[in-house]
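Let's take a friendly walk through this structure together. Please keep the 3D view open as you read.

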Amino acid sequence: MISITEWQKIGVGTIGFGIFFIVFGILLYFDSVLLAFGNLLFLTGLSFIIGLRKTFSFFFQRHKLKGTGFFLGGVVIVLLRWPLLGMFLETYGFFSLFRSFFPVIFGFLGSASNIPFLSALFRRLQGTSSVV
């Protein structure tokens, strides 16, 4: 059994609030204050879960610098009150940074769901993504 520290529990909650504020900011026609607050909570929660050193090394790996630039550039642009452009840049950066996790996520969802159509779809998505 994996032991989860209190800091990691706080990080999961912080990421949850960050995602909530991002979704709520999008629903309120790209409210820049909610989006900026959600971005800051998301990044803070990520550093609570995996630690500051691992967060820094994750974002600044040589092959992930383009995604990091788009993601953090989008965060800065949202903070400068250009929410639509910032969210587009963040979305591209997010998919560029976390694309290696998508096969794992689809594999988990395929094994966790007992619905035949969805499990077949998730298994298919798991096999088509390439880990880079």
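Tyr92 counts as partly exposed because its relative accessibility is 39%; with a 1.4 Å probe and protein chains only, buried means under 20% relative accessible area, exposed over 50%, and partly exposed in between. You will find Tyr92 in helix α5; helices (H or I, at least four residues) and strands (E, at least two) are DSSP runs, numbered from the N terminus. Beyond its neighbours within four places in sequence, Tyr92 is in contact with Lys66 and Phe70, where contact means heavy atoms within 4.5 Å.

A word on the model: it is predicted, so local features need pLDDT of at least 70 and side-chain atom pairs count only at pLDDT 80 or more, while totals for chains, interfaces and linings use all residues. Residues are numbered from 1 along each chain as its sequence is written, and side-chain values use heavy atoms, leaving out hydrogens and water.

Now look at two loops. Tyr29 sits in the loop between α1 and α2, and its phi is positive, near 60°, though Tyr29 is a residue other than glycine. Tyr29 counts as exposed because its relative accessibility is 75%. In the loop between α4 (65-79) and α5 lies Arg81, which is not a glycine but has a positive phi of about 70°. With a relative accessible area of 57%, Arg81 is exposed too.
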